[in-house]
Amino acid sequence: MTKNRTSTHRGKSGSARHNEHRFYEKDDRDTLLHSFIHQKENKAWDLTFDEMKFYERYKKQLNRQNAKYLRQRQYKRVKSLEDFYNSKRYRPTEEILQYGHAGGDVPDRETYEKMTKEYALRKVEWSMKHGNHLHVLDYANHYDEATPHTHLREIWDYEDEGILKVSQEESMKRAGLDLPDPSKPEGQYNNRAMTYTKMCREMWQDVCEQFGYEVERVPLENGRKKSETVAEYHARKGRELESREKGITE
């Protein structure tokens, strides 16, 4: 088996609704969903419902913010819980995972299912050992292309004066993540999210190798930009379609 590169990308432009693949008229067998949120009201295959239920834990943070805006008469800044969930600052972070490329050695569905489950559980275990600030919400495995890929969604929070607050930066700090270069000030090119992303990439590579898939770990030379992967393409097209349906021009 030849070595292949892995793909690990993180951002806040994903959508739980897109991950369910309801935008595509395809067989449900092309998508396998996993929710880490256990609610009695849970509806099958509805990740957005699950995530909204999870966000009820942040009502105190939202109510405090709204009370502040009301006192200042900034009524347009008052948010509902759904607004809070969808806002750029507080929405879940989405991570896209992939191994290999079309035409190369890629995991079969059964093995890939075990790989992604192992990866998610490793994240949960890491979080429990570091203050439980990271919460894996759900992930979706997509098998509609030659190369399987995963959309994993998560949120960071911490407690302050009895109120749970969504904040990636402060939560990462409390979880003990260091800056890539502690000798330099924190900034765009020296922040804890970079340390976390590197850790996730290595964790995914370790899982791939654990299941017998060799990984090319040598970085690309000269910072050469990678072409758009299948996973990135679907994420982008899903967002575009969702925006068109809502009548929003991104």
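1. Helices here are DSSP runs of H or I with at least four residues, strands are runs of E with at least two, and both are numbered from the N terminus. By that rule Y69 lies in helix α3, residues 59-71. The model is predicted: local features need pLDDT of at least 70, side-chain atom pairs count only at pLDDT 80 or more, and totals for chains, interfaces and linings use all residues. Residues are numbered from 1 along each chain as its sequence is written, and side-chain values use heavy atoms, with hydrogens and water left out.

2. The protein has 8 helices and 6 strands. Along the sequence they follow the pattern β-α-β-α-α-α-β-α-β-β-β-α-α-α.

3. Of the 250 residues in the protein, 43% are buried. Buried means a relative accessible area under 20%, exposed means over 50%, and partly exposed is in between (1.4 Å probe, protein chains only). The protein exposes about 14400 Å², with carbon and sulfur atoms supplying 47% of that area. These areas come from the Shrake-Rupley method with a 1.4 Å probe, and for residues only the protein chains shown count as cover.

4. Contact means heavy atoms within 4.5 Å. Among contacts between residues at least 6 apart in sequence, 67% join residues at least 24 apart.

5. Two packed helices are described by the angle between their axes and the distance between the axes. For helix α5 (residues 109-129) and helix α7 (residues 192-210), the axes come within 10 Å and cross at roughly 140°. That makes α5 oblique to α7. Angles under 35 degrees count as roughly parallel, over 145 as roughly antiparallel, 65 to 115 as roughly perpendicular, and the rest as oblique. The axes are lines fitted to C-alpha atoms, for helices over the stretch in contact, and the angles run from 0 to 180 degrees between N-to-C directions.

6. The crossing of α5 past α7 is right-handed; in such a crossing the near helix is turned clockwise from the far one by less than a right angle. On the α5 side the contact includes Y112, M115, Y119 and W126, and on the α7 side it includes Y196, M199, M203 and W204. The residues of this contact divide into 11 nonpolar, 2 polar and 4 charged. Here Ala, Val, Leu, Ile, Met, Phe, Trp, Tyr, Cys and Pro count as nonpolar, Asp, Glu, Lys and Arg as charged, and the others, Gly among them, as polar.

7. Leaving aside neighbours within four places in sequence, Y69 is in contact with Q74, R77 and V78. K79 is 10 residues from Y69 along the chain, and their C-alpha atoms are separated by 9.7 Å.

8. F54, in helix α2 (residues 47-54), is buried with a relative accessible area of 14%. Not counting residues up to four places away in sequence, F54 touches I37, H135, L137 and I155.

9. N132, in the loop between α5 and β4 (134-142), has a positive phi near 60° and is partly exposed at 40% relative accessible area. E161, in the loop between β5 (149-160) and β6 (163-166), has a positive phi of about 55° and is exposed at 67%.
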